[in-house]
Amino acid sequence: MSGETKTDFQIVNHSIPRRDGRVKVTGKAQYVADLRLIGMAYAKVLRSPLAHAKIISIDKSKAEAHPGVYCVVTGFDLDGLNPYFGHAVKDHPLLAIDKVRYAGEPVAAVVAIDERTAFEALEFIDVKYEELKGIFTPQEALAKDAPLLHEKKFEAGALRGFEGDVTAGQGTNICQTHKIQWGDVDKAFKEAAAVIEGDYYFPMTYAYAMEPYVAIADVTDQGVNVYSSAQHPFMVRHDLKNIFNLPVSKVRLIVPFVGGGYGSKSYTKVEPLVAACSWKAKRPVKLQLTVEEAMLTTRSDDAYTWMKTAVDKNGKIIARQAKIMMNTGAYAENSPLVVEKSTNRCVGPYAIANVLIENMSLYTNTVPASSYRGFGCAQVTLPGESQIDELATKIGRDPYEFRLQNAAKPGEEFFPGMRPFDGTLKQDLDTAAKAIGWGTPLAKGHGRTVAVSGSDAGAYPLTSTAVRVHADGSATIMTGSTELGQGSHTVLPQIAAEELGITYDKVNVISSDTAITPYDRSTGASRTTTLMGSAVQEACQEAIAQMVVMAADVLKVKKEEIQSVRGGVRCGEVELNWSQVISKFYALPDGEVIGRSYIRKSGKFAALPVFWEAAATGVELSVDEDTGKITMEKLATVGDVGLAINPALAEGQDIGAATMGMGIGLFEELVYEGSQLMNGSILDYRLPRFSDLPKQVELHLVQNRDGVGPYGAKGGGEASLNSMAANIANAVDKAVGVRIRQAPLTPERVWRALKEKNK
Amino acid sequence: MNLQFTLNGKPWSVDCEPADTLAEVLRNQLNLNGTKVSCEVQVCGACTVLVDNLPVSACTYLAYEARGKNLLTVEGLEKADGTLHPIQQAFIDDFAFQCGYCTPGMIMAAKSLLDENPNPSREEIIHHMDGNICRCTGYVPIVAAIQRAAGMIAKEKKQ
Ligand code: FES
Ligand code: FES
């Protein structure tokens with residue numbers, strides 16, 4: 001392990017073992033899949049076999065008469081609810097209403113005494129459809145005679161994560177458009193010394209959180225209570241509040257451990273459907289999707305990108321232009337934000353004087369696309385970082401030095417209107433290059449490359465938290481951040497222990513219960529360490545400030561005479577630890593102090609992004625020219641994280657992300673043939689396995705304490721994914737001289753490109 | 001139908017349906033939720049348990065096939081005094097999990113490897129573990145944890 005720096009910190013910046021270690025290795029960690037409520041029924045979903053069709057009728061009488069079935073819910077049974085939800089626009093019915101928009105869309109749900117009975121009853125539901133013409137690609141969606149997927153205009157989602165208008169539902173299949181522009185690209189291209197231009201395709205991918213979507217709902221006159229595998233419980237609460245027309249106080253989301261998210265569990269998924277089932281069945285209901293069903297629930301946006309980049313005679317990048325079309329599938333979900341982010345992220349972490357990026361996402365009759373680790377960044381980093389290498393080759397420059405020359409410098413305002421760059425790309429690149437042996441001789445058929453990613457991360461700063469300091473001197477953090485595996489249950493207590501000057505094992509965490517934990521907008525966009533970490537730090541400081549006042553009261557002195565020291569206070573000769581302060585204040589060894597904090601877009605969080613998420617990856621690979629198969633020889637990740645609260649966890653995020661990116665670079669791709677998803681099962685969707693491990697892996701962190709988070713921390717965990725597909729494409733070009741502008745670089749694609757070249 | 005087997009060192013008797021998988025019986029009837037289910041098609045290894053010391057996928061292994069056999073699940077690894085099995089401890093020490101959903105299956109698969117081959121090479125680990133998917137860790141720390149566990153077990157044996 002690398003990346004440990006020498007600091008004065010006692011608890012943060014140390015690789016302390018995970019707090020959830022013991023429960024996870026003994027099988028005691030509880031996920032929603034493991035939970036059961038008394039009287040709980042089980043739901044199963046009937047899905048549309050057709051991609052685009054009117055629903056003429058649904059006969060559910062036979063299914064409802066099946067022994068053990070409580071009820072069957074269809075789109076015709078939702079009177080009394082506002083059945084549409086959506087974070088950006090409310091275009092998504094909780095069950096298909098009047099028509100279906102993709103093969104696999106939920107059409108009805110059976111609620112029964114057990115899963116098997118519910119499953120058996122599905123076949124007794126008789127749905128009559130009238131098939132409509134379908135559209136499956138952005139190009140088809142834009143065609144003049146294309147059928148319209150959504151006929152009406154939608155209400156905006158209540159919690160939009162972006163500031164632009166949504167184009168959805170305004171008489172075309174365009175879901176969202178976004179554009180950024182500065183300088184004059186046309187002029188720059190005319191004056192350029194060299195230009196590179198090309199079309200790229202980034203595939204649809206599936207996050208495969210190993211725990212498929214699952215939720216339990218209990219809807220009563222007391223309100224809506226839901227246990228869910230959601231990353232952002234407060235966002236889901238908002239959708240449910242709208243659907244049931246309830247005050248926020250009557251909707252409760254509880255999220256225990258989550259079995260992987262990677263963005264795919266952002267925003268609302270199965271919760272409205274299972275809540276509607278509970279509402280109809282008048283009892284708690286659990287809905288556990290299978291992996292095949294999860295694959296029919298959310299995927300990433302695939303992207304068709306045309307890009308052009310130019311340099312002047314000194315090798316300075318002077319212009320970049322791109323046109324992107326993203327395929328958002330049947331419903332918007334979070335894709336409008338993905339569009340906005342991928343537009344910004346086309347600039348890469350480069351200082352470019354002339355930029356024009358136009359982006360558009362289109363509705364199609366395919367599985368809805370939404371957030372996926374990196375939010376649209378990987379989609380455009382494939383073209384972006386490919387073109388950097390292509391240009392370097394064209395002008396005869398070393399691509400690593402070419403990157404160094406053009407990368408945004410620390411403090412540089414390379415993106416108009418945004419926070420100045422807060423990473424150190426030179427150090428990131430140097431570290432990655434060194435780790436893979438840059439400049440040393442390479443065997444034939446091997447290629448070696450580095451690539452960077454720098455994305456506007458951290459989402460939106462709106463976070464609150466409470467830290468309760470108890471009379472025995474221990475503390476409980478109340479946090480709305482969800483433990484997805486990223487380590488929030490470890491990192492946040494490290495911060496609290498450091499601030500309060502108490503031992504790490506005295507700090508506990510209660511997370512993600514919207515009835516109890518203060519509001520946190522989301523657990524995503526690498527924001528938790530920076531925003532929730534800052535909130536925890538401030539809440540501890542606020543608790544300390546209160547305890548100083550209490551100590552003054554107890555010691556009958558002025559508050560100015562109290563000095564706070566590590567773990568307590570001092571006044572002259574007298575030292576009191578927190579336990580003594582609280583116990584003396586209440587005159588009982590009991591009671592507590594509650595420190596709070598509210599973070600919003602102001603002060604150090606006024607500028608967006610919250611931070612630039614920067615990372616470099618380096619790869620060396622070899623290509624078997626007979627088969628086109630790529631072997632990963634070396635992989636290096638370099639996370640530019642400001643300060644790693646827990647270096648081992650930070651490195652773990654990087655290698656996890658890089659492995660996902662490697663999967664997309666090598667073989668991950670959801671494939672549609674016409675209206676049907678052809679590889680909608682883990683049997684057919686190829687994922688990285690042990691045997692895909694690069695032969696040599698090095699993990700590095702760059703820690704310059706340059707972030708706005710606690711102690712100079714920034715987030716990580718997405719950026720190492722973003723550059724991997726480009727890195728692999730670039731290294732294949734170096735290895736065997738073929739430029740492939742599409743991921744994944746499957747053996748077949750590489751082999752065909754080689755055959756083409758050798759013609 | 002009635003089934004009897006030894007589970008985590010104790011005799012058990014349960015009633016189940018012929019179509020019940022071992023994972024269903026463990027999770028739904030015996031309250032042993034440590035065994036996780038993900039793909040349900042024997043691809044991911046999340047549901048790995050040991051039957052007569054051999055790893056099986058409990059998601060597809062029919063419960064009745066386990067009659068009279070000796071079963072070990074992740075719940076059976078910890079000693080009565082709370083000491084973790086060396087593999088469990090090594091997984092903590094090496095940060096060999098994040099979300100933890102693959103972890104029980106990973107640990108059981110690793111146990112079957114180390115039972116058979118106490119000192120596996122990196123290649124042997126990769127080969128044996130290839131049927132277990134982890135989406136979080138990139139496998140690097142898991143390989144390290146298995147190597148560490150092998151060392152811990154060897155040391156224990158010497159003492
Ligand atoms: S759940 Fe059994 S192998 Fe995946
Ligand atoms: S730890 Fe999450 S899948 Fe392995």
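The interface between the two chains is considered at the outset. In the predicted model, 53 residues of chain B are in contact with 55 residues of chain A, and the area buried between chain B and chain A is about 4300 Å², of which 58% is given by carbon and sulfur atoms. Charged side chains take part in this interface, for 7 salt bridges are found across it; one of these joins A:Asp34 to B:Arg27, and in this pair the closest N and O atoms are 2.8 Å apart. On the side of chain B that touches chain A, at least two residues each are supplied by helix 1 (22-29), helix 2 (86-93), helix 3 (103-116), helix 4 (122-129) and helix 5 (140-158) of chain B. Helix 3 of chain B provides the largest share of this side, namely 4 residues.

Chain B itself is assigned two domains, with domain 1 covering residues 2-76 and domain 2 covering residues 86-158. The C-alpha centres of these two domains of chain B are 21 Å apart, and the contact between them involves 15 residues of domain 1 of chain B and 12 residues of domain 2 of chain B. Between them, domain 1 and domain 2 of chain B bury about 1200 Å², and 65% of this area lies on carbon and sulfur atoms. Of the area that domain 1 of chain B buries against domain 2 of chain B, 36% is supplied by B:Lys36, B:Thr48 and B:Val74, which is more than any other three residues supply. The count of salt bridges between these two domains of chain B is 0, whereas 3 residue pairs across their interface are in polar contact, with both residues at pLDDT 80 or more. Strand 3 (residues 48-51) of chain B gives 3 residues to the side of domain 1 of chain B that touches domain 2 of chain B, the largest share of that side. The residues of this side of domain 1 of chain B comprise 9 nonpolar, 5 polar and 1 charged.

In chain A, the division is into domain 1 (18-30 + 460-603) and domain 2 (376-458 + 609-758), each of which is written as two segments. The centres of these two domains of chain A, taken over C-alpha atoms, are separated by 37 Å, and the contact takes 21 residues from domain 1 of chain A and 19 residues from domain 2 of chain A. An area of about 1400 Å² is buried between domain 1 and domain 2 of chain A, with carbon and sulfur atoms giving 60% of it. On the side of domain 1 of chain A, the residues that lose the most area to domain 2 of chain A are A:Ala525, A:Ser526 and A:Thr530, which together account for 36% of what that side buries. Between domain 1 and domain 2 of chain A the count of salt bridges is 0, while 7 residue pairs are in polar contact across the interface, both residues being at pLDDT 80 or more. Helix 13 (488-500) and helix 14 (528-555) of chain A are the elements that give two or more residues to the side of domain 1 of chain A that touches domain 2 of chain A. That side of domain 1 of chain A divides into 6 nonpolar, 11 polar and 4 charged residues.

Over all chains, the count comes to 16 aromatic pairs. Among them is the tilted pair of A:Tyr201 and A:Tyr304, with 4.6 Å from centre to centre and 45 degrees between the planes; this pair links distant parts of the chain, as A:Tyr201 lies in strand 10 (residues 194-202) of chain A and A:Tyr304 in strand 16 (residues 302-311) of chain A, 103 residues apart.

Most residues other than glycine have a negative phi, and most peptide bonds are trans. The peptide bond from A:Leu608 to A:Pro609 is instead cis, with omega near -5 degrees, and A:Pro609 is found in the loop between strand 27 (592-599) and strand 28 (611-623) of chain A. The peptide bond from A:Ala743 to A:Pro744 is cis, with omega near -5 degrees, and A:Pro744 has its place in the loop between helix 18 (724-736) and helix 19 (747-757) of chain A. A:Glu333, although not a glycine, has a positive phi of about 45 degrees.

Key
Residues numbered from 1 in each chain as written. Chains lettered and ligands numbered in written order. Predicted model: local features only at pLDDT ≥ 70, side-chain atom pairs only at ≥ 80, totals over all residues. Heavy atoms only, no water. Domains from an automatic or database assignment. Contact = heavy atoms within 4.5 Å. Buried area = accessible area lost by both parts, 1.4 Å probe. Salt bridge = Lys/Arg side-chain N within 4 Å of Asp/Glu carboxyl O. Polar contact = N/O pair within 3.5 Å; in protein donor to acceptor, adjacent residues only side chain to side chain. Nonpolar A, V, L, I, M, F, W, Y, C, P; charged D, E, K, R; others polar. Phe/Tyr/Trp six-rings, centres within 6.5 Å; stacked < 30°, edge-to-face > 60°.
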